[in-house]
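Me: I have a model open and want to learn to read its features. Can we go through them one by one?

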Amino acid sequence: MATINDVAAKAGVSTATVSRTLNGKSTVDPVLAARVQAAAAELGYHPNGLARNLRRQETAVLALIISDVENPFFTAIARGVEDIAQTAGYSVVLCNADDNEEKERRYIDVALQERVAGVVLSPTGRATNVDRLTERGTPVVAVDRPLLENTGDQVLVDTRLAAQEATRHLLDGGYRRVACVSGPPGVRTAEDRLAGYTDAVGVENALTRRAEFRAEGGRLAALSLLDEPEPPDALLVGNSTMAIGVLEALASRGLRSGQDVGIVSFDDAPWTTLIDPPLTVVAQPANEVGRVAAELLLARIGDSTRKATTTTLQAKLIVRRSSRRD
């Protein structure tokens, strides 16, 4: 039986374009729409997503449950999801779980009560459970952090490799005692970044602190590291929110990033180029994560039998002066 992915491949368009065309949306370019219709007819594809939604009284709404709305990484994911959803005729409801498992459970309950068509979810951690959604037949796509059950579609970033490359960049720049400020235990992205750092420095040389992915957590972790008998001369920081706290800690000790302590942080927040010196970052393709997740969710809504996929995107090290001593 042909799937929406087969139609998209044959027509040379995205699954979102196929969904919009076959659901009668007027926003599709007529040339592309004709190609989709021809491909669907040739493959004998008949969409059943809309009819299923009507039978189950679902709404043309997607729920986006993210970990921290104040983190620019997640707001960029939200924008990517919305861009794709809007063009397909869906609205997006944003839910901020605040890295709180109870809030996450409540928002999953809301998604079920409101009969949303699908959910994009950044899991809070080990306790995240989407069984109630899957039992109801509500499609779920995990972003940034995988679901432990490893079921369903997910869009991730290879942050272990990125952390390894960022740490080696600091070592190659002449820093000799590189430490890592990572997120809380049990959060996959925190574990991966810590593992990548350890890959680069070796277990015997690892100097780490764990904290919440927030500014205060970064500040306290950095102060603790600076109080070591042999304090680090460089830091790999888990995200841009933590980096704010790390920079506050350095300033309170009269230390300057780059010259005194090299800094590389995950995520290229808008402010990172406005400070002096500008911050070296590991830029994650957050908007693309959101766009890919939305396309996968729409494809799943259109064809619930398609095979689950894991898409792993790559991060990019952007070198600025906070990781150089000159």
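Reply: Start with a cut-off. Buried means under 20% relative accessible area. Keep in mind that this is a predicted model. Now take strand β3: G118, V119, V120 and L121 are all buried.

Me: How do I read the directions of side chains in a strand, and which residues of β3 point which way?

Reply: In a regular strand the side chains alternate between the two faces of the sheet. In β3, G118 and V120 point one way, while V119 and L121 point the other way.

Me: Which strands does β3 pair with, β1 and β4 included, and in what sense?

Reply: The general idea comes before the case. Strands of a sheet pair through backbone hydrogen bonds, either parallel or antiparallel. Strand β1 (residues 61-66) runs parallel to β3 (residues 118-121), and four bridges join them. L62 of that pairing stands opposite G118, and I65 stands opposite L121. β3 also pairs with β4 in the parallel sense, over three bridges. There, V120 faces V141 of β4.

Me: What is the strand order of the open sheet with parallel pairing?

Reply: The order is β2-β1-β3-β4-β5-β11, six strands in an open sheet. β2 (91-96) and β11 (310-313) stand at its edges. Each has a single partner strand, so one side of each is left without a neighbour in the sheet. Neighbouring strands are turned by 15° against each other on average, direction ignored.

Me: Which strands does α5 lie across?

Reply: α5 lies across β1, β2, β3 and β4 (140-143). Its direction makes about 160° with β2.

Me: How many aromatic pairs does the structure hold?

Reply: The structure holds one. F73 and F74 form that pair, and the arrangement is edge-to-face. The ring centres are 5.2 Å apart, with 70° between the planes. Over 60 degrees counts as edge-to-face. Both F73 and F74 are buried.

Me: What is the strand order of the open sheet with mixed pairing?

Reply: This open sheet of six strands has the order β7-β6-β8-β9-β10-β12. β7 (208-210) and β12 (316-318) are at the edges. Each has a single partner strand, so one side of each lacks a neighbour in the sheet. Neighbouring strands are turned by 15° against each other on average, direction ignored.

Me: In what sense do β8 and β9 pair, and over how many bridges?

Reply: β8 and β9 pair in the parallel sense, over four bridges. The bridge partner of A234 in β9 is G262. Helix α8 (residues 159-172) lies across β6, β8, β9, β10 (280-283) and β12, running at about 165° to β9.

Me: Is F266 buried or exposed, and what does F266 touch?

Reply: F266 is found in strand β9. At 1% relative accessibility, F266 counts as buried. Not counting residues up to four places away in sequence, F266 touches T159, A162, A163, R193, L236, V237, G238, N239, S240, V282 and Q284.

Me: Which residues of α11 are buried, and what covers them?

Reply: An α-helix has 3.6 residues a turn, so residues three or four places apart point the same way. In α11 the buried residues are S240, T241, M242, A243, G245, V246, L247, A249 and L250. Their cover includes α5 (72-87), β6 (178-182), α10 (215-226), β8 (234-237) and β9 (262-266).

Me: What is found at the start of α11, and what follows α11?

Reply: At the start, a side-chain oxygen of N239 reaches to within 3.2 Å of the backbone nitrogen of T241. G254 follows α11, with a positive phi near 70°.

How values were computed. Residues numbered from 1 in each chain as written. Predicted model: local features only at pLDDT ≥ 70, side-chain atom pairs only at ≥ 80, totals over all residues. Heavy atoms only, no water. Buried < 20%, exposed > 50% of the residue type's maximum accessible area, 1.4 Å probe, protein only. Helix = DSSP H or I, 4+ residues; strand = E, 2+ residues; numbered from the N terminus. Contact = heavy atoms within 4.5 Å. Polar contact = N/O pair within 3.5 Å; in protein donor to acceptor, adjacent residues only side chain to side chain. Pairing = 2+ DSSP bridges. Axes fitted to C-alpha atoms, helices over the stretch in contact; angles between N-to-C directions. Phe/Tyr/Trp six-rings, centres within 6.5 Å; stacked < 30°, edge-to-face > 60°.
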